[in-house]
Amino acid sequence: MTDSKTPPPQVWPTLRATDARALIRFLVDAFGFEEVVVHGAGDRVEHAQLAWPLGGGIMLGSDRGDPNDAWPLKPGTFGAYVVADDIDALHDRAVKAGAEILEAPYDTDYGSRDFRARDPEGNLWSFGTYRGEPRS
């Protein structure tokens with residue numbers, strides 16, 4: 001949870017998708033991302049922003065299929081670790097929405113509860129309770 005002194009995210013992981021609109025629906029339904037904005041016409045998404053309920057988010061758009069693309073990210077090559085509170089409930093939600101589960105919920109030796117999944121585009125998602133070490 002953030003407070004009024006916490007700045008907005010300044011690092012935005014980005015990805016491209018073959019079917020960006022379908023991926024957005026999946027990420028919202030399966031994992032609980034919140035759609036903030038989607039720009040584009042028809043099947044093409046020029047820019048989308050999805051927020052994570054605990055803070056931060058991702059940006060994504062449609063694969064351009066253009067060899068001169070200035071941001072040539074290949075669909076399905078993205079990976080992220082995302083902090084979540086209730087891993088078992090999130091896992092169940094992901095299963096219900098059709099996520100490919102790579103590793104069911106498990107406890108790590110450093111005190112986190114995690115699970116791993118793949119979205120329909122092939123991107124890898126790891127969800128866990130580990131919030132990282134405090135900055136000194």
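Tutor: Happy to! Over residues 9–130 the chain is 18% helix and 37% strand, with 18 Å between the end C-alpha atoms; helices (H or I, at least four residues) and strands (E, at least two) are DSSP runs numbered from the N terminus. The UniProt record, an unreviewed entry, annotates residues 9–130 as "domain: VOC"; such annotations may be inferred rather than shown by experiment, and their positions follow the numbering used here, with feature names shortened. This is a predicted model, where local features need pLDDT of at least 70, side-chain atom pairs count only at pLDDT 80 or more, and totals for chains, interfaces and linings use all residues. Residues are numbered from 1 along each chain as its sequence is written, and side-chain values use heavy atoms, leaving out hydrogens and water.

Now the close look. An open sheet of 4 strands runs in the order 1-4-3-2, with mixed pairing; two strands pair if DSSP finds at least two bridges between them. Strand 1 (14–17) and strand 2 (34–39) are the edges, each with a single partner strand, so one side of each has no neighbour in the sheet. Neighbouring strands are turned by 20° against each other on average, direction ignored; axes are lines fitted to C-alpha atoms, for helices over the stretch in contact, and angles run from 0 to 180 degrees between N-to-C directions. Strand 2 pairs with strand 3 (residues 47–51) in the antiparallel sense over 5 bridges, and Val37 stands opposite Gln49 in strand 3. Helix 1 (residues 20–31) packs on this sheet, touching strand 1, strand 2, strand 3 and strand 4 (57–62), where contact means heavy atoms within 4.5 Å. The direction of helix 1 makes about 155° with that of strand 4.
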